[in-house]
Amino acid sequence: MIGIFLIAAAEIFAEASTSVGKYEVEKKRESLYAWGFLSAFWALIFLVLIAIFKEGSFVFTLSSLPTFISRAVVEIVLTFISLHAVLTADRSTFSFLRIVTIPLLLIVDTALGYRLSFEQYAGIGVLVVTLIFLLMNHGLSAKGKFISLISAVLATATISLYKFDITHYNSVVAEQLLMYIILLVSFIIAAKWYSKENVFKYLLHPIFLGQSLFAGIAGLLASFAYLFAPASVISTARRAFEILISIISGRTFFHEKHLFVKIVSFIFIFIGTILLII
């Protein structure tokens, strides 16, 4: 239950940050690379503070380098693709399609030796059927479907590698602190190379600072959530909360359509999530 609570809180903060980022990029007041930088900046600061003030929180094992480096490569690609997907697709379309991550993670969790109950298998099955229902009833916009699906598949790899590292080698703080440094440097270089901008200037503006803080809190909470349950269970809960909040923000701020179909789908997603945590 602790993991579910953490991931629910993380998604509230994440949606606030994502909605602001999507709106500001669409209005040309923020670049895509600045968005990525802002999403990683405060999460890194929080992790550095934990590493400094909590003794023994930073544990990194050299044996993890093969999986860590593999994750870093995929994480960079995933982050850039996900930002493009969020910008291109409707908020709810992006969130619904990322359910694809769940059955893929279930396969990985089973291979890693996690034992899931019949109820958890049933919950994941309900989620998959719900996604099929959405696709058959035109509940998802065509915009950004393909890139959102790519994001969902790549997320399976990064989540699985992350869960493996924090289970067998590294602490959450060490794994995520180093990963956020890599992501941050990638966005700083990309911003300088492609848009010739200094991304640090955005931290001086209240709206971008707030966007960055919300993303940092979300990243921190989500990082620790995976300590408390198999990756498939935490990710399923994460997708369910993500969908609910994105339906609300998509309708309220971005005027998305097919609200009834999406609400019906969320009800089944909620049932699936309950099956996962009982």
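From the N terminus on, the elements of the protein run α-α-α-α-α-α-α-α-α-α-α. Colour the chain by secondary structure: the protein has 11 helices and 0 strands, where helices (H or I, at least four residues) and strands (E, at least two) are DSSP runs numbered from the N terminus. This is a predicted model, in which local features need pLDDT of at least 70 and side-chain atom pairs count only at pLDDT 80 or more, while totals for chains, interfaces and linings use all residues. Residues are numbered from 1 along each chain as its sequence is written, and side-chain values use heavy atoms, with hydrogens and water left out.

Next, display the whole chain. Of its 278 residues, 53% are buried (under 20% relative accessible area, with exposed over 50% and partly exposed in between; 1.4 Å probe, protein chains only). Among contacts (heavy atoms within 4.5 Å) between residues at least 6 apart in sequence, 86% join residues at least 24 apart.

Select helix 2 (32-53). Helix 2 has 22 residues and reaches 33 Å from its first C-alpha to its last, close to the 32 Å expected at 1.5 Å a residue; the expected span is 1.5 Å times one less than the number of residues. Its buried residues include Trp35, Phe37, Phe41 and Leu47. Helix 1, helix 3, helix 8 and helix 9 are among the elements that cover the buried residues of helix 2.

Move to Ser82, in helix 3. Ser82 counts as buried because its relative accessibility is 14%. Its side chain makes a polar contact with the side chain of Ser151 (2.9 Å). A polar contact is a pair of N or O atoms within 3.5 Å; within protein, one must be able to donate a hydrogen and the other to accept it, and residues adjacent in sequence count only if both atoms are side-chain atoms.

Finally, turn to the cavities. On a 1 Å grid over the protein atoms alone, a cavity is a set of points where a 1.4 Å probe fits but cannot get out; lining residues have an atom within 4 Å of a point. Select Glu75, Thr79, Arg98, Tyr180 and Arg238, the closest to its centre of the 38 lining residues. Helix 3 supplies the largest share of this lining, 7 residues.

Notes. 1 Å grid on protein atoms, 1.4 Å probe; cavity = no way out; pocket = protein on both sides within 12 Å on 5 of 7 lines; lining within 4 Å.
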